Amino acid sequence: MNIIETKDLVFEYIRRDEEGNVESISRAIDDVSFDIKKGDFVAILGHNGSGKSTLAKHINALLMPTEGALWVNGYNTSNADNVWKIRESAGMVFQNPDNQIIGTVVEEDVGFGPENIGVPTKEIWERVEKSLESVGMLEYRHHSPNKLSGGQKQRVAIAGIMAMKPECIILDEPTAMLDPNGRRDVIETVRELNQKEKVTVILITHYMEEVIHADKVIVMDSGKIVLEGTPREIFSKVEKLKRYSLDVPQVTELAYELKQEGLDIPNAILTVDELVEALLKLER
Amino acid sequence: MSIILDKINYSYNNGTAYEKQALRDINLVINDGEFIGLIGHTGSGKSTLIQHLNGLIKASSGNIYYNGADIYDKDYKMKDLRSKVGLVFQYPEHQLFETTVFKDICFGPKNLKLDPLEVDLRAYEAMKLVGLGEDMLDVSPFELSGGQKRRVAIAGVLAMKPDILILDEPTAGLDPRGRDEILDQIEKLHRETKITVILVSHSMEDVAKYVDRIIVMNKGEVFFDDEKRKVFANYKQLEEIGLAAPQVTYVMNELKKHGASVDTKAITVHEAKEDIMRWIKGERR
Amino acid sequence: MIRDITIGQYYPVESKLHSLDPRVKLVCTIFYILSLFLFNNYYGYLVAGVFLIFVIAQSKVPVSFIFRGLKAVIMLLLVTVVFNLFLTPGEPIWQFGILKISEEGIHFAVKMAIRLIFLIIGSSLMTFTTTPNHLTDGLERLLGPLKKIKVPVHEISMMMSIALRFIPILLEETDKIMKAQMARGADFENGNMIDRAKNLVPLLVPLFVSAFRRANDLAMAMEARCYNGGEGRTKMKPLKYHKNDYVAYMIFIFYIAIIFVIRMVL
């Protein structure tokens with residue numbers, strides 16, 4: 001079953017001058033159609049300005065399509081009556097960890113979403129506890145968010161979404177402002193939620209290492225979907241990815257370069273172990 | 001021409017329960033024309049260290065000599081030091097404030113009380129150095145893309161004609177294209193003007209590709225300070241303090257462990273490729 | 001200097017006073033301050049002082065911490081005392097040129113000083129023992145009836161708590177931008193008033209830009225989490241009166257009663 005379906009989606013930014021006349025129109029999303037299956041881990045890749053963040057905001061009904069349509073859990077996002085149902089079933093985590101935490105205490109921030117959708121007090125506490133535990137931040141429940149590291153803040157933000165019991169969680173470059181350790185923690189948390197809680201994950205990023213474990217990767221460039229497939233299918237197209245201003249993990253690139261030199265190694269190597277194994281096999 | 005740090009200690013919140021020693025007994029020599037990478041995980045003291053170099057933070061004890069002069073001498077002009085040691089902070093685009101790109105870049109040299117013609121000349125030159133075209137002169141800095149804003153901010157520091165350029169994670173938040181553009185530009189700048197560059201980075205791949213010498217910080221102390229290959233050869237110790245070597249270093253070490261006659265010194269894709277090919281061809285011969 | 005100002009800070013310990021409902025603390029603080037102006041003799045101050053000592057003891061906030069807060073307003077205190085001392089009309093008992101001190105003046109100055117000290121200690125005890133969030137919650141509930149005359153009570157308290165969350169972030173940001181501009185040769189310390197004001201532009205513009213960006217991001221994040229104003233919201237930590245809160249109210253009413261007796265009898 002599909003949790004998200006889009007059909008011929010178009011979004012245009014219209015710039016107007018002071019009199020309200022149209023100055024320019026730019027297509028941020030250009031005729032995009034794709035489906036996301038329930039429970040999948042889907043990564044959307046693209047450089048800055050490729051339209052991936054605009055697309056993410058559509059899934060949360062923060063933006064409405066100019067043309068075409070998008071359904072979340074069967075609800076059409078163009079219908080204003082559906083907005084709150086959509087936001088309840090598709091939660092969103094943003095890039096800047098500081099600018100999305102509302103509470104002055106960790107647990108109160110996690111409770112903010114459930115409060116908004118009218119969950120009874122007792123259940124809010126249960127949900128807060130459970131979702132903080134699921135991101136490994138329960139011991140920080142009484143802390144001030146200001147004292148946490150970037151990675152910890154992002155995990156609190158994820159807990160804040162999980163407490164609303166969404167079916168799908170969209171992460172819009174959640175690691176762009178984090179250091180490598182914070183990045184790893186956040187990605188591990190997201191993977192775990194996907195596997196244990198069966199929540200659908202849509203991860204938007206430009207770090208290729210983060211998408212290795214995805215079920216499906218979508219690559220965007222100038223508002224269009226240019227590649228779609230499993231990580232291995234995508235990573236085998238090193239030249240193409242470079243053309244879209246993306247880069248592949250160092251091992252993948254090394255493997256690709258060696259293949260160009262005529263070595264007989266498999267396509268799209270993703271890890272150090274895979275490459276070492278392939279090379280040692282050659283030797284024998 | 002160099003910076004010498006002699007037994008630098010720095011602690012803050014002195015005399016309270018929150019007292020913390022951020023730097024411990026730092027001894028460093030930074031020579032003219034070097035390209036240095038400064039690495040260490042968050043909270044290791046990197047940012048505190050670089051702010052000492054241009055006098056924004058004063059050490060609790062120890063001395064810093066810039067070209068032989070003690071910067072803590074009461075007659076020393078801190079403002080001169082700040083123009084000679086240019087510091088580009090993380091997310092430097094957040095400091096832009098003028099109405100046009102050109103005016104913003106002029107801010108630094110203007111503060112040096114140079115004559116207006118010299119200010120303009122330096123700003124032009126700085127724009128060229130970071131690869132900003134003349135069509136950008138009168139554009140508002142707030143209308144530019146993330147990568148372009150960052151170039152404007154770097155130009156703002158370069159316009160003061162520093163001898164040393166320190167960049168605190170200049171690629172944070174940029175996409176791969178923006179990252180490569182900025183780093184290539186800095187590399188070119190270093191090559192052409194022989195300016196000393198200190199690059200603070202979290203990316204081992206970037207450090208491996210661009211710098212010559214690496215200083216590793218851990219818990220406020222200098223953990224390693226050596227030529228980059230020698231530092232990455234200690235990748236196991238780097239892992240213990242939450243860092244790592246470039247992925248290819250792991251490939252080479254694994255191969256060697258399994259008996260392949262490769263050199264574990266490779267730290268870039270290109271080096272690794274050459275070396276693996278040499279090994280494979282040797283095997284086949 | 002700034003670190004010496006303890007007024008308005010929260011002091012995290014567990015005590016009976018800390019666990020009281022914020023509404024109790026808000027209401028009692030307001031009436032305590034009013035009570036200080038009800039009487040005009042030293043017995044009243046004695047009672048008010050004893051009551052204050054009792055509350056301090058219940059709060060478990062160290063006395064030294066409380067007095068550190070007073071240090072910051074010592075100038076204000078001195079000025080008030082001096083003015084009252086010299087400017088109260090009455091029979092002079094000491095005179096030097098135009099400066100006169102009367103007995104009434106002395107009494108008035110002493111009483112004013114005590115009032116001010118009690119007022120400051122009393123109100124800072126409330127902030128020492130109540131988290132900012134609790135305080136805004138309490139305020140929202142207390143001002144609840146004003147909703148009927150279209151006062152946006154929920155919005156005001158939401159604004160207050162967001163402001164509290166972002167003050168430390170903006171302070172840190174100010175420090176960062178200041179350093180970044182100093183690295184470009186900016187000077188925030190020297191020059192005359194006009195120069196200094198001009199020099200603030202490179203600090204204030206980026207700060208405003210950043211504040212707007214954050215506000216924009218935050219609004220979007222709140223919307224994404226289904227925030228839709230106060231209607232239909234539930235509370236994670238609803239305010240509910242417990243036994244101790246009623247006890248506190250009773251004690252306070254008892255105190256007010258004594259004050260009234262003193263005022264009428266003595």
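This is a predicted model: local features need pLDDT of at least 70, side-chain atom pairs count only at pLDDT 80 or more; totals for chains, interfaces and linings use all residues.
## Overall form of chain B

Along the principal axes, the C-alpha atoms of chain B fill a box of roughly 70 × 55 × 35 Å.

Chain B contains 11 helices and 10 strands, and buried residues make up 48% of its 285 residues.

In soluble globular proteins, nonpolar side chains tend to be buried together. The largest nonpolar core in this model has 180 residues, and those with the most contacts inside it are A:Ile202, B:Ile105, B:Ala155, B:Ile166 and B:Val251. Apart from this core lies another, of 16 residues, which includes C:Val24, C:Ala48, C:Phe51 and C:Ala248.

To look at one residue of the 180-residue core, B:Ala155 touches B:Ile105, B:Ala126, B:Met127, B:Leu129, B:Val130 and B:Leu132, when residues up to four places away in sequence are left out of the count.

## Annotated spans of chain C

An unreviewed UniProt entry places the feature "transmembrane region" at residues 26–57, 69–87, 108–131 and 246–265 of chain C. Over residues 26–57 of chain C, the model is 81% helix and 0% strand, with the end C-alpha atoms 19 Å apart, whereas residues 69–87 of chain C are 89% helix and 0% strand, with their end C-alpha atoms 28 Å apart.

Note on methods. Residues are numbered from 1 along each chain as its sequence is written. Chains are lettered from A and ligands numbered from 1 in the order in which they are written. A nonpolar core is a set of buried Ala, Val, Leu, Ile, Met, Phe, Trp, Tyr and Cys residues joined through C-beta atoms within 7 Å. A residue is buried if 20 or more other C-beta atoms lie within 10 Å of its own, exposed if 12 or fewer, and partly exposed in between; C-beta atoms are placed from the backbone. Two residues are in contact if their C-beta atoms, placed from the backbone, lie within 7 Å. Helices (H or I, at least four residues) and strands (E, at least two) are DSSP runs, numbered from the N terminus. UniProt positions are given in the numbering used here, feature names are shortened, and annotations may be inferred rather than shown by experiment.
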